[in-house]
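Visitor: I have just opened this entry and would like a short tour. Could we go through it together?

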Amino acid sequence: MAGQGGVSYSYWDGIIPPDCQSNEDILRVNVDLHWEIAKEPLNYGVDCLRNCGIGPGMAFANAILNKDPNFGVIGLVPCSVSGKGIRYWSRGNIPYDQLVKKVNFSLKDGGQLRGLLWFHGESDTRTKFDATRYKPKFQKFIQNLRTDLNFPHLPLLMVILHVPSPWFKGKFVDIVRQAQIDVELPNAVKVDANGLPLNPDGIHLTTAAQIRLANMLADAFLSSNFTAPTKTEYHMI
């Protein structure tokens, strides 16, 4: 989710396509728990383990507003942490606890939580032990999150992991992909990233691929049967 579009040899090219431009109706929660106009790279300051580039978040928000001009203000709450397998997204671990903290902050002034965008899994493809445990750990993560946010039907938009280039060290991609396909959770929709263009690293999606994925997610979101909120002041994704 953090995005490596436009990143090569740990440097981002700084190119921001029109689909990813800032908009006064698209906000983000920053690391200091303040609202600000969202801009690329969306995950800047959130994940210090990797150099950030273009991800699907900004393009997703722009696509929503383009497809539904009356949608309202979108508040993005970036929480992605690179290199952290699904075992880190559990109660008591920093990524999970920070996610809950930031979402609760985003709702303080009457915002409406509209869903969770989830694009994850490469780290769990490196060992069979982690790969075979992805499904139960992920389902437990979502169940815990829905409980801790007091939102039992929190909408989930889940990306099925793409197959990286052959030289990628993750030998168990197929197991993780199948685990994600087999996830059984209510109020959830999935899109498949397989076949989208990859960066030269053979792992991460290109900028163009991130934009394509963002539009797939936007279409899935707008065509879903997710329950609509009762207010329209802010929409937290």
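Visitor: Is Phe 226 buried or exposed?

Guide: The model is a predicted one. In it, Phe 226 has a relative accessible area of 15%, so Phe 226 is buried, the limit for that class being under 20%.

Visitor: Where is the place of Phe 226?

Guide: Phe 226 sits in the loop between helix H6, residues 207-222, and strand S10, residues 234-236.

Visitor: And what does Phe 226 touch?

Guide: Leaving out residues up to four places away in sequence, Phe 226 touches Pro 155, Leu 156 and Leu 157, then Asn 187, Ala 188 and Val 189, and also Phe 221.

Visitor: How many Å apart in space are Phe 226 and Gln 98?

Guide: Their C-alpha atoms are 25 Å apart, and the two residues are 128 residues apart in sequence.

Visitor: Let us change topic. Which helix holds Asn 144?

Guide: Asn 144 belongs to helix H4, which covers residues 134-148. Its relative accessibility is 9%, so Asn 144 counts as buried. Apart from neighbours within four places in sequence, Asn 144 is in contact with Arg 91 and Tyr 96.

Visitor: What about Lys 101, how does it count for accessibility?

Guide: Lys 101 counts as partly exposed because its relative accessibility is 47%, which falls between the 20% and 50% limits. Lys 101 is a residue of helix H2.

Visitor: Now the whole protein. How many helices and strands are there?

Guide: The protein has 6 helices and 10 strands. Its radius of gyration is 17 Å, close to the 18 Å that the globule rule gives for 237 residues, so the protein is as compact as a globular protein of that length.

Visitor: What does the C-alpha trace span?

Guide: Along the principal axes, the trace spans about 45 × 40 × 35 Å.

Visitor: How many residues count as buried, as a percentage?

Guide: Buried residues make up 52% of the 237 in the protein. The accessible surface comes to about 11400 Å², and carbon and sulfur atoms account for 51% of that surface.

Visitor: And what share of the contacts joins residues 24 or more positions apart?

Guide: Among contacts with a separation of 6 or more, 74% are between residues 24 or more positions apart.

Visitor: Next, empty space. How does one find it?

Guide: A probe the size of a water molecule is rolled over the atoms, and this shows where empty space is left.

Visitor: How much space lies in the largest pocket?

Guide: The largest pocket holds about 920 Å³ of space. Its lining has 42 residues, and those closest to the pocket centre are Met 1, Ala 2, Ser 80, Val 81 and Phe 119. Helix H2 (94-106) and strand S7 (116-119) are the elements that give two or more residues to this lining. The largest share comes from S7, with 4 residues.

Visitor: How do the residues of that lining divide?

Guide: The lining of the largest pocket has 24 nonpolar, 14 polar and 4 charged residues.

Visitor: How many cavities of 30 Å³ or more are found?

Guide: The search of the whole structure finds 1, and the largest cavity has a volume of about 30 Å³. The residues lining the largest cavity are Met 1, Ala 2, Glu 40, Leu 42, Asn 43, Gly 55, Pro 56, Gly 57 and Met 58. They divide into 5 nonpolar, 3 polar and 1 charged.

Key
Residues are numbered from 1 along each chain as its sequence is written. This is a predicted model: local features need pLDDT of at least 70, side-chain atom pairs count only at pLDDT 80 or more; totals for chains, interfaces and linings use all residues. Side-chain values use heavy atoms; hydrogens and water are left out. On a 1 Å grid over the protein atoms alone, a cavity is a set of points where a 1.4 Å probe fits but cannot get out, and a pocket is an open set with protein on both sides within 12 Å along at least five of seven lines; lining residues have an atom within 4 Å of a point. Grid points are joined across faces, edges and corners, and a volume is the space filled by probe spheres set on the points. Ala, Val, Leu, Ile, Met, Phe, Trp, Tyr, Cys and Pro count as nonpolar, Asp, Glu, Lys and Arg as charged, and the others, Gly among them, as polar. The radius of gyration is taken over C-alpha atoms; the globule rule is 2.2 Å times the number of residues to the power 0.38. Buried means under 20% relative accessible area, exposed over 50%, partly exposed in between (1.4 Å probe, protein chains only). Contact means heavy atoms within 4.5 Å. Accessible areas come from the Shrake-Rupley method with a 1.4 Å probe; for residues, only the protein chains shown count as cover.
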